[in-house]
Amino acid sequence: MWLLQTLRWWLVVEIIGLLALPLTMRLLRCLPERGVTFRRPLGLLLGGVFYWLLVTFGALSNGPAGSAAAFLLVGGFSVAFGWRQRRLIGRELKRLRGYIALDTALFVLALVAWSYFRAHNPEIAATEKPMEFAFLNGILRSPTFPPRDPWLSGYGISYYYLGYVIMALLTWLSGLPSAVTFNLTGTLLFALTVSGSLGLVYNLVCAAGGADRFGVGRQGVSRAGAAFGLLGATLVAVMGNLVGTFELVRIRGWGTEALWQWLDVRNLGASPPSPTWYPQDTWWWWRASRVIHDRDLAGNTMEVISEFPFFSFLLGDNHPHVLALPFVLLAIALALNLLLGRGADLAIEGGETLRGLGSPSFMLQSRAGAALMGLWPGGFYEVLLWGVLLGAMAFLNTWDYPIYLGLFAAAFAIAHYSRRSPTRRWLAQVVQIGAILVLLSLLVYLPFYLGFRSQAGGLGLVSPFVKTQWQQFLLMFGVQIVLLAGFLPSVLARLWRGRGVSGLPWTARLWGAVLLFLMAGVALLGWYTAALGLFLLAVSGALLVWGVVAREQGSIEAPTAPTLMALLMAVLGLGLILSVEFVFLRDIFGTRMNTVFKFYYQGWILLSLSGAYGAFHVWRTMRRTGTAAQLAAYLWGALGAGLILAGLYYPLAATVSKADAFRGEPTLDGVRYVAQHRPDEYEAIQWLERHARLEAVMVEAPGGSYSAFNWISAHTGIPTLLGWSGHQLQWRGGYEVFGDREPAIDAIYTGRNANETLRLLQAYGVDYLIVGPMERQRYGAEQIAIDVLDQLMVPVFQNDRVLIYGRTW
């Protein structure tokens, strides 16, 4: 059953990708593989945005028909933009058939393999899965958008929820129950991340001459591109951090107490040996996401999250930072395409041109249209798509929006840099394109922003007594740092062969000098992680500036556009993971916990992609170096390979451990756990799904975050008066909206005044009231005013442990 459901899911996603293929190939025409890797995320994202907009403004209904209409609209636009160049697109597809087969095979393999894993631990329980399941079911039950908040009746969701809209779309189109599509979403995210990482590094390698220098296979696939693309997919999506290696040391009994104290990873220490090759203690794999150990002045532990993609896939939470992953890679592809293009159209073999998307005729005759064409000859439609796709990052995971808007703007700046053009004009162009994209994203996503509330409270300074320990930093990013340690010298060697240090621009010298001065200062203070980060940032930033100038000067040793892109990703990734040593975004927690979480996550992606290309760069250039340099390159390669292998222990051991060695009957049904362990509540959920009207409101006992409370509303999507109040506080930034809800719910369940209880039930529009195990746990069976409820409502469902009252007024 699980395999048939997976193949059905794959078929839906593949059809969506085919619908978006012509548009993708014209939008990403400057990539060597013409963007075919990104047809699936582009189709899913545009379909999700179109659907959300059309349902929001009442042009479509929320349901299967509206979902199909949204993707048919995507297909219509795609065909319209591809029709005039259909023969050229067809020839390109024929040329790329080998790569398409590689991408499809890897995508299907990743999807099926991870579905098999998920089928052995499908439970939608613990961590934030109930919350995410509530969002999915709430969207499916909402007659219009913004979707109703299932944990705060009467209000729309105040969160970045576009990813959940896409989940709901695929649920409608596949015809599978949400309990299954919740888990299939996680498998899809893994497969899209593997595919997208392969595609990005493949494009970087091929654009740098990998196909020409190292040949192609029988089907026209670049051998180097495929090899290093698979390395990129491994680094981004599969590899774990190096804590897993020390888990192996722990279970073999090899570590000493001094080692564990020095590493200082929470709860990582000596333990009895494991009878298997992987740990068997409960939730041991969780430690890898809590590598950084902060303490306050009193020595108390402060929570810091250091998650990475594979941990997210293993955990199975469909949280926004995971839902955004495929579209983060799409945003990087947009930036790479821009940097490779430096112009609008791409001439291919035979003298024909794969053109940009163009502009409407009225714009071509206006001053605004002429100015826009001066910024980017690809035309208005292309810039509009940039705004839509990049702006969606804020709606998917708001933290990502400034990061990838900044990456895109930097790529635009590099692509348009010219020493023959005045610096002021160049800067004005960069500011203009940035302003246009921000304005477009604000206009397109205005309904989202109008209903969005945030807990963000500005920037805060990290205490000088709270700093990342260098050994923990290397446990997290050791592989990426080693790869950079080979990549940066190889770029420096090529630039040095050009004009030596005399070719180093003053801007690069100033950048390097300032950061090296800061590095020396923080090193004297004992902040070794910050010192290492500043050193790497100084070198990579200086090389990026030097490379841009050398390329403009036409130096034969100047870095290629892919090398500049890899350096740009390194600079941005290093900047993100270094910034949390000094500043953080204030929130209700008052610490750097969330900032480390979100910035480390994106730093992992950017540095892994840069490192995979860096490995290719070293491999390509070492043949032109002397014996000593080649020996150093081989030693570096051996060290990097060893660390990557060490990082692969974690995914292997954690997968087997979390799947209970793949024992038991596989299923993707995420609510089977409820049916087995909470059968009476499961029966109540099933009854409500069959009988509750679409606009119904319920009341159940509220509970704290990460608790077993509010599961009935989560599993049905029927809004309850109040769900996890701690999460509502995070989503709404304060108690003003819901502060009176919890006392009101308490009064409904325990109040002895029938008139007051009726007033509250009517004021909140309650249709159903639940009396079950969680209500008895919160209030006590004797304290619940059953006699009052019997007067006001009528029992509509009852089993041994759950009683559901229905309204009578």
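This is a predicted model: local features need pLDDT of at least 70, side-chain atom pairs count only at pLDDT 80 or more; totals for chains, interfaces and linings use all residues.
**Notebook: buried charges and a serine**

I started with Asp-103, which is buried at a relative accessible area of 0%; buried means under 20%, exposed over 50% and partly exposed in between, with a 1.4 Å probe and protein chains only. Residues are numbered from 1 along each chain as its sequence is written, and side-chain values use heavy atoms, with hydrogens and water left out.

**Entry: the partner of Asp-103**

I looked up which side chain Asp-103 meets in a salt bridge, and found Arg-39, at 3.3 Å from N to O. For the record, a salt bridge is a side-chain nitrogen of Lys or Arg within 4 Å of a carboxyl oxygen of Asp or Glu. This pair links distant parts of the chain, with Arg-39 in helix α2 and Asp-103 in helix α5 (residues 97-118), 64 residues apart. Helices here are DSSP runs of H or I with at least four residues, strands are runs of E with at least two, and both are numbered from the N terminus. Is Arg-39 buried or exposed? I read 4% relative accessibility, so Arg-39 counts as buried.

**Entry: Glu-14**

Next I checked Glu-14, which forms a salt bridge with Arg-39, the closest N and O atoms being 3.0 Å apart. Glu-14 sits in helix α1 (residues 2-27) and Arg-39 in helix α2 (residues 39-56), so this pair ties together parts 25 residues apart in sequence. Glu-14 counts as buried too, at 10% relative accessibility.

**Entry: Asp-264 and Arg-295**

I then moved on to Asp-264, whose side chain meets that of Arg-295 in a salt bridge of 2.7 Å, N to O. Asp-264 lies in the loop between α12 (257-263) and β1 (294-295), and Arg-295 in strand β1, so the pair ties together parts that are 31 residues apart in sequence. I noted Asp-264 as buried, with a relative accessible area of 13%, and Arg-295 as partly exposed at 33% relative accessibility. My search of the whole structure gave 27 salt bridges.

**Entry: Ser-222**

Last, I looked up Ser-222, in the loop between α9 (210-214) and α10 (223-238). Ser-222 counts as buried, at 1% relative accessibility. A polar atom of its side chain lies 2.9 Å from the backbone nitrogen of Gly-225.

Terms used:
A polar contact is a pair of N or O atoms within 3.5 Å; within protein, one must be able to donate a hydrogen and the other to accept it, and residues adjacent in sequence count only if both atoms are side-chain atoms.
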